[in-house]
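Visitor: Please show me the model. I would like to go through strands, core and rings in turn.

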Amino acid sequence: SIVVLPMVNLSGDSSQEYFADGMTEALTANLAQIGSLRVVSRTSAMHFKGSPESLREIARKLGVEAAVEGSVVREGDRVRITAQLVDARADRHLWAETYDRQIGDALLVQSELAEAIAHAVAAKIAPAERRRLLHRQALDPEAQEAYLRARFFWNQRPIEGYDKCIRYYEQAIAKEPGYAPAYAGLAAANAAFFNPAPRRERVARAKAAVSKALELDPENGEALAVRAVVEFFYDWDFASADRDFQASLAVDPNNPQTLHWLAITLAARGQGDAAIAAAERGLALDPLSPQQNAGTAWIYELAHRYDAGLPLCRRALELDPRYALASNI
């Protein structure tokens, strides 16, 4: 079990925080594809950005054995990424490396890092997982910049941020029309339940984007999950949604958002035990997320397990007092 702690921006420019956060998310996402690891999500890891807490205490709160710490320095058209792997229980250094690359190769470095870290902890990597890690695509620097800014606004999730998120994804696609993750992100932003755009228009855009993403990369986990959401909630095609959720989790087993969506669909069909199992698995991967705590509480409520759900509602409100779902449950 492992967490990638927020990478430190050492560029001397606070406007580059989004870039360091993007490198944190990219490394987390690459490690999360390795099924033999339990990888805590970016959402929970970001709670410790700039935290004075000891690594051992952070590891205890997240329930992990190891942690990755790192830094990012961006200078002109170069980027230097330093990472070290630490046994968080014993506070023992296990591995470290520095990568100095062209700025357009920054996301490629995260695949190399993930493979090196998996090797350092002797994690078993299945042949298909290794193939996906090695499937790297160099990006136009402007496309990478737009993509990372889109991810930044997606992770903020304010209602007013959807337009910015979508605009940056579209800019990334204009520069790199063959980049599947940008289409997958664009599909997710359009399919999001709280996107204020007219439903029919945004669902049509989501379907078009997810179709293009899967044409470019049939194993894109985010695109498969978004297609499952569209199939279930908008098309009522439950069988296809099931297949796509399972396909998504086969390539991205540590994705709490996918597990959250899956749990809701299972609960909606009265499959209480399976819904609880999916929700609990998502919560274990993202223990400091208000969404995961409140969402799991709601699954418990539907199963009439109020004693299990109430503490999670309280936890969600501790994490975010404005999180309305937790109050409503």
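Guide: Two strands pair if DSSP finds at least two bridges between them. Strands are DSSP runs of E, at least two residues long, numbered from the N terminus. This is a predicted model: local features need pLDDT of at least 70, side-chain atom pairs count only at pLDDT 80 or more, and totals for chains, interfaces and linings use all residues. Residues are numbered from 1 along each chain as its sequence is written, and side-chain values use heavy atoms, with hydrogens and water left out.

Visitor: Which residue in S4 is the bridge partner of Glu 69?
Guide: Strand S3 covers residues 66–75 and strand S4 residues 78–87. They pair in the antiparallel sense over ten bridges. In S4, Glu 69 finds its bridge partner in Gln 84.

Visitor: Which residue in the turn between S3 and S4 has a positive phi?
Guide: S3 and S4 form a hairpin with two residues between them. The positive phi, about 60°, belongs to Gly 76.

Visitor: In S5, what is the bridge partner of Arg 80?
Guide: S4 also pairs with strand S5, residues 92–102, in the antiparallel sense over ten bridges. Their hairpin has four residues between the strands, and Asp 91 takes a positive phi near 55°. The S5 partner of Arg 80 is Asp 100.

Visitor: How many residues are in the largest nonpolar core?
Guide: Such a core is a set of buried Ala, Val, Leu, Ile, Met, Phe, Trp, Tyr and Cys residues joined through side-chain atoms within 4.5 Å. Buried means under 20% relative accessible area, exposed over 50%, partly exposed in between (1.4 Å probe, protein chains only). Phe 19, Met 23, Leu 27, Leu 31 and Leu 113 touch the most other members. The largest core has 70 residues.

Visitor: Is Phe 152 buried, exposed or partly exposed?
Guide: Phe 152 has a relative accessibility of 25%. Therefore Phe 152 counts as partly exposed.

Visitor: Why is the pair of Trp 154 and Tyr 162 edge-to-face?
Guide: Rings of Phe, Tyr and Trp (its six-membered ring) pair if their centres lie within 6.5 Å; planes under 30 degrees apart count as stacked, over 60 as edge-to-face and the rest as tilted. Trp 154 and Tyr 162 are both buried. Their ring centres are 6.4 Å apart and their planes at 65°, so the pair is edge-to-face.

Visitor: Over which ring does the charged end of Arg 149 sit?
Guide: A charge sits over a ring if NZ of Lys or CZ of Arg is within 6 Å of the ring centre and within 35 degrees of the ring normal. For Arg 149, the distance to the centre is 4.1 Å. The ring is that of Tyr 18.
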